[in-house]
Amino acid sequence: MPHILEAGFEIINYENPNGSPSIKGYNIINGQLKESSNSETFESINPAILDDCLGNFPLSTKQDVEDALHAARDAFESWSSTPPPTRGQIIGNMGRLLMEYKDDVVRVETREIGKTLKESAGSVQEAIDTCLFFQSEGRRLYGQTVNSELPNKELFTYRRPLGVCGIINASNFPAAVPFWKMIPAIMCGNTCVWKSPQDAPLLSFVLTRIMHEAGLPDGVINLIHGKGSGAGQHLVDAVDEGLVDKISFTGSTSVGKMIGEICGRNLVSCSLELGGKNPLVVMPSADLDNAVEGAYWAAFGTAGQRCTSLGNLIIHEEIYDEFLDKFLDKVEHTMIGDSMRFEDVLYGPMISERYAKDFLRDLEICESSGATKIWGKGAISEDNKPINFQGDPSEGVYMWPHVYSDVTEDMECFHEEIFGPVVTIVKASDFDHALHLANASPYGLSSACYTNDRLEAYRFKSEIRAGMTGINNSTTGAEAHLPFGGVKNSGNGTRESGIWVIESYSYWHAVNDELSGKLQLAQMDVDEIHIEEAEVDYSSLA
Ligand code: UN1
């Protein structure tokens, strides 16, 4: 098999309606292009044009996953002993190279998962920002010198890498999220096996090649494609076999709990970034137009397929009708379509047919909960399309924006995350009620409150149970240098992004250096300084 950089992309046909090529995709194990051991493949399909196939990718077997894990293990010794500033330099090169290739990478992301070009550019930029942030971390990665309780003895702390990290991310942020995980992982000296998301194998293949082109040594990041239930499960199962030292996963809460159990019984560290039913509260003192903008973007940007997308829109009863009128006016005029061909669309197709099917299934929860549907008619088709739909809906998988009102805390749709363009609206009688509702879901990822009352803003940020909070801002839009993650069912307390993430990819090693030439026992040979017996009578001063 050729080395990754010796091979151009192998084109397998030009039959696609948009004239774009399909390629033969490979796993990348120890820098080599590999097919799956049983030669099985799956296709990556453009969700905006279902006849456009981006390529065939290996449906990786248990054997392939193990080969990738062994490659990562073999590369660990040399990578972990590479000076961190050199590791940082390679990471910086990745960011700069990605800047050069940005426009092309953005178009691949849009073609593969249907995000608008503007949003794909945001996701790729987040990957670039992550590289640029961590490049100089190689010159820090500080440990400490610590005083000893004994003379002629020194204490130190060092950050050490964990070993081989299994990386599993979802398809919705296929450039940003794997970089959130792998860049700090390799910065700390770990090596990785990356299971690409099933709906974004081409983008993952491209990104891995760019990382190698930037100087990443073979075996440090190994890419395997496949399904969650196949290659993803094999990677998680390998924790039981002692082949994995860390799993970092972004995806559903149910899969996250399963991974947490397997890692837990093996005492293997895991970072879990899971679902959300993110609340956004609107209070009477808010700038309503600004709040409408924020809620609308949070609910329907990315077709609602962010883990930070708006779930429950909680509106104070005093401004309920006015807010809803303005909100619905925007929803009714939503521009939807393929952003490769139409400008100014708010959102494009669902990530894939699979996401579309799950969305329509989960939308039923709103119906069976008894919520009132005030907007939305399921899947968009030629005879069932909103006024501002652009193009031919039968080409791809497009959904209406959906709005359900009269949602109450006892309904299932109040609690369940529904991944797609839908918002559930809840009426609040006062601030305390709104805060209660915002805290009542089983999740705690993102949250937001629109208010111009300083005390309400303060109380919201102090009393909400969430990993992230926006004041007068939408629920989405975390930046690459702030900690990202949630509480409750949204994760296990680990964070992605920013300086804090280093805790998730390294362990502290405490070293003591005894210079005295003799055995000094901690706690036991320590000089005791006695407190003098109380002689002064301070009571006379009182
Ligand atoms: C995700 O949906 O998994 O804060 C990540 C945001 C983005 C990242 C979302 N920067 O919405």
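## Polar contacts and salt bridges between the domains

Between domain 1 and domain 2, nine residue pairs are in polar contact (both at pLDDT 80 or more); a polar contact is a pair of N or O atoms within 3.5 Å, where within protein one must be able to donate a hydrogen and the other to accept it, and residues adjacent in sequence count only if both atoms are side-chain atoms. On the side of domain 1 that touches domain 2, α2 (84–113) and α3 (117–135) each supply at least two residues; helices are DSSP runs (H or I, at least four residues), numbered from the N terminus.

This is a predicted model, in which local features need pLDDT of at least 70, side-chain atom pairs count only at pLDDT 80 or more, and totals for chains, interfaces and linings use all residues. Residues are numbered from 1 along each chain as its sequence is written, and side-chain values use heavy atoms, with hydrogens and water left out.

Two salt bridges (a side-chain nitrogen of Lys or Arg within 4 Å of a carboxyl oxygen of Asp or Glu) are counted between the two domains. Glu 119 forms a salt bridge with Arg 306, with 2.9 Å between the closest N and O atoms.

## Domain arrangement

Domain 1 comprises 4–274 + 496–504, and domain 2 comprises 278–480; these bounds come from an automatic or database domain assignment. Their centres, taken over C-alpha atoms, are 30 Å apart.

## Ligand surroundings

Residues around the ligand include Glu 126, Arg 306, Gly 477 and Ala 478, each with a heavy atom within 4 Å of it. The side chain of Glu 126 has an N or O atom 3.0 Å from a nitrogen atom of the ligand.
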